[in-house]
Amino acid sequence: MLDTLTFLLEKLFLLAHIKLSSLLPPLGGRARAEQPLARRPERDECPPAQPGGPPPPKFQRGDLLEVPRTLFTHFGIYLGDNRVAHLIPDILPSLTADSRHIQETVTNTRLVLGVLCKRATVRVDSVEDFAYGAGILLNAMDRAVLRSALPGEEVARRAERLVGAVSYSLLWNNCEHFVTYCRYGAAQSLQTDQFCEWLKSLIRDRRTVVLSALLGLLSMSCLGISPSTTVPALLVPFTLWMVS
């Protein structure tokens with residue numbers, strides 16, 4: 001049972017980090033002006049880090065590294081000497097102070113429990129462990145964020161000061177917030193901004209009201225008429241209608 005729950009939550013975690021840019025309609029002029037982050041342009045990709053080998057020589061202390069995964073993107077700050085600081089959900093730092101165990105590779109179970117308990121750690125790993133065989137995008141966000149990047153040494157020092165256990169939130173305090181705070185001085189997440197815009201457009205779409213009403217009627221026909229089915233069937237469409 002625990003294995004099944006862990007598997008389902010792992011998939012939920014991955015979907016929560018999905019790149020929403022391909023699913024969202026273009027923002028209007030006013031919305032664009034209000035966004036702290038602009039649309040990401042095309043970017044150069046560094047080759048995958050080779051296990052046991054040195055990082056590409058172009059990596060400098062304070063660089064922002066991005067590793068695109070299948071469904072999400074992971075971010076980190078290069079500290080020099082083949083080390084990367086990055087924020088990752090992890091329950092273990094809340095359970096033990098044994099640094100040897102904490103520094104071991106974060107398993108899926110540790111990661112999922114960290115998401116559920118809203119606990120994470122800013123840890124330092126090698127470039128190879130951070131990239132996990134994927135290509136690395138170097139300072140790509142510099143062309144998307146309106147703020148100028150801080151000096152590399154200041155960026156790295158900010159990251160080093162945050163190493164250790166921290167709170168975590170899928171939307172409000174994730175690895176993207178960590179790197180933007182370190183490099184630009186303000187924590188932001190383009191993926192969170194896009195998700196909020198998509199959610200607002202979904203709520204404003206009156207077809208959502210019709211769909212929620214139909215689902216309410218379906219639930220009452222399948223489960224019977226009772227307070228547990230009737231109240232949501234009426235309240236949800238009414239709320240969506242009022243805010244649309």
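A salt bridge is a side-chain nitrogen of Lys or Arg within 4 Å of a carboxyl oxygen of Asp or Glu. In this predicted model, the side chains of Glu153 and Arg157 form such a pair, with 3.1 Å from N to O. By this rule the count comes to nine salt bridges.

Both Glu153 and Arg157 belong to helix H6, where they sit four residues apart, about one turn of the helix. An α-helix has 3.6 residues a turn, so residues three or four places apart point the same way. Glu153 is partly exposed at a relative accessible area of 36%, and Arg157 is also partly exposed, at 46%. Salt bridges with shared partners join Arg61, Glu153, Arg157 and Glu160 into one network.

## The chain as a whole

The protein chain contains ten helices and seven strands. Of its 244 residues, 42% are buried. The accessible surface of the chain is about 14000 Å², and carbon and sulfur atoms account for 62% of that area.

Among contacts in the chain with a separation of 6 or more, 72% are between residues 24 or more positions apart.

Which parts of the chain does the salt bridge between Arg110 and Asp90 link? The side chains of these two residues meet at 2.5 Å, N to O. Arg110 lies in helix H4 (residues 108–117), while Asp90 lies in the loop between S4 and helix H3 (99–102); the two are 20 residues apart. Arg110 counts as buried because its relative accessibility is 10%, under the 20% limit for a buried residue. Asp90 counts as buried at 0% relative accessibility.

Another salt bridge joins the side chains of Asp142 and Arg183, with 2.7 Å from N to O. Asp142 is in the loop between strand S6 (136–138) and helix H6 (152–161), and Arg183 is in helix H7 (residues 175–184), so this pair ties together parts that are 41 residues apart in sequence. Asp142 is partly exposed, with a relative accessible area of 28%, whereas Arg183 is buried, with a value of 7%.

Strand S2 (residues 64–68) runs antiparallel to S3, and five bridges join the two. They form a hairpin in which four residues separate the strands. Pro68 stands opposite Thr73 in S3, and Leu65 stands opposite Gly76 in S3. S2 also pairs with S6 in the antiparallel sense, over two bridges. In that pairing, Leu65 stands opposite Leu138 in S6. How many of the residues of S2 are buried? Four of the five are, so S2 is largely enclosed by the rest of the structure.

Strand S3 (residues 73–80) is mostly covered, with eight of its eight residues buried. S3 pairs with strand S4 (residues 83–89) in the antiparallel sense over three bridges. Ala85 in S4 is the bridge partner of Ile77. S3 and S4 form a hairpin with two residues between them, and Asp81 in the turn has a positive phi of about 55°.

## Helix H9

Helix H9 covers residues 207–223 and has 17 residues. The distance from its first C-alpha to its last is 24 Å, close to the 24 Å expected at 1.5 Å a residue. After H9 comes Gly224, whose phi is positive, near 90°.

Where on H9 do the buried residues lie? The buried residues of H9 are Thr208, Val209, Ser212, Gly216 and Met220. They cover an arc of only 110° around the axis, which puts them on the same side of H9. The face of H9 turned away from this buried side carries exposed residues, namely Arg207, Val210, Leu214, Leu215, Leu217, Ser221 and Cys222.

Notes:
Residues are numbered from 1 along each chain as its sequence is written. This is a predicted model: local features need pLDDT of at least 70, side-chain atom pairs count only at pLDDT 80 or more; totals for chains, interfaces and linings use all residues. Side-chain values use heavy atoms; hydrogens and water are left out. The expected span of a helix is 1.5 Å times one less than its number of residues. Buried means under 20% relative accessible area, exposed over 50%, partly exposed in between (1.4 Å probe, protein chains only). The arc is that of the directions from the helix axis to the C-beta atoms. Two strands pair if DSSP finds at least two bridges between them. Contact means heavy atoms within 4.5 Å. Accessible areas come from the Shrake-Rupley method with a 1.4 Å probe; for residues, only the protein chains shown count as cover.
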